[in-house]
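Please keep the sequence and the model in view while reading.

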Amino acid sequence: SQRFFEADLELQEVLRERAALREMPCDARQNDVVTINVGGRLFTVKRETLHVCPDTFLAELFSGRWESRLQKDADGNPFLDIDPDIF
């Protein structure tokens, strides 16, 4: 039906935009050390640790393309408002 056709067109456009964003150059390196404030607890890890499971939300967040848009704490660390015990 028409609704499925329109939804498919919208999906294709989103997929094209996502692919274009992945092609954007970024200065992030896998051996960068990143400090993240997770629910008030600081975690310091290599970026590659956040990419252990590729194509996940966490890996995408810390791909280097989105970090400038993440909410930051008072010290400039990316802030994730989730329970640090389950992080």
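## Basis of the description

The model is predicted, and local features are given only at pLDDT of at least 70 and side-chain atom pairs only at pLDDT 80 or more, whereas totals for chains, interfaces and linings use all residues. Residues are numbered from 1 along each chain as its sequence is written, and side-chain values rest on heavy atoms, with hydrogens and water left out.

## The sheet

Three strands make up an open sheet in the order S2-S1-S3, and the pairing is mixed. Strands here are DSSP runs of E with at least two residues, numbered from the N terminus, and two of them count as paired if DSSP finds at least two bridges between them. S2 and S3 are the edge strands, and because each has a single partner strand, one side of each lacks a neighbour in the sheet.

Strand S1 (residues 33-38) runs antiparallel to strand S2 (residues 41-46), to which six bridges join it; within this pairing, Thr35 has Thr44 of S2 as its bridge partner. The two strands form a hairpin with two residues between them, and Gly39 in the turn has a positive phi of about 60°. With strand S3 (residues 79-80), S1 pairs in the parallel sense over two bridges, where Asn37 has Phe79 as its bridge partner and Val38 stands opposite Leu80.

## Phe43 in strand S2

Phe43, which lies in strand S2, has a relative accessible area of 22% and is therefore partly exposed, a class that falls between buried (under 20%) and exposed (over 50%), as computed with a 1.4 Å probe on protein chains only. When residues up to four places away in sequence are not counted, Phe43 touches Val34, Thr35, Ile36, Val38, Pro84 and Phe87, contact being defined as heavy atoms within 4.5 Å. Phe43 and Asn77 are 34 residues apart in sequence, and their C-alpha atoms are 9.9 Å apart in space.

Leu61 is in contact with Trp66, Glu67, Leu70 and Leu80, leaving aside its neighbours within four places in sequence.

Notes:
Helices (H or I, at least four residues) and strands (E, at least two) are DSSP runs, numbered from the N terminus.
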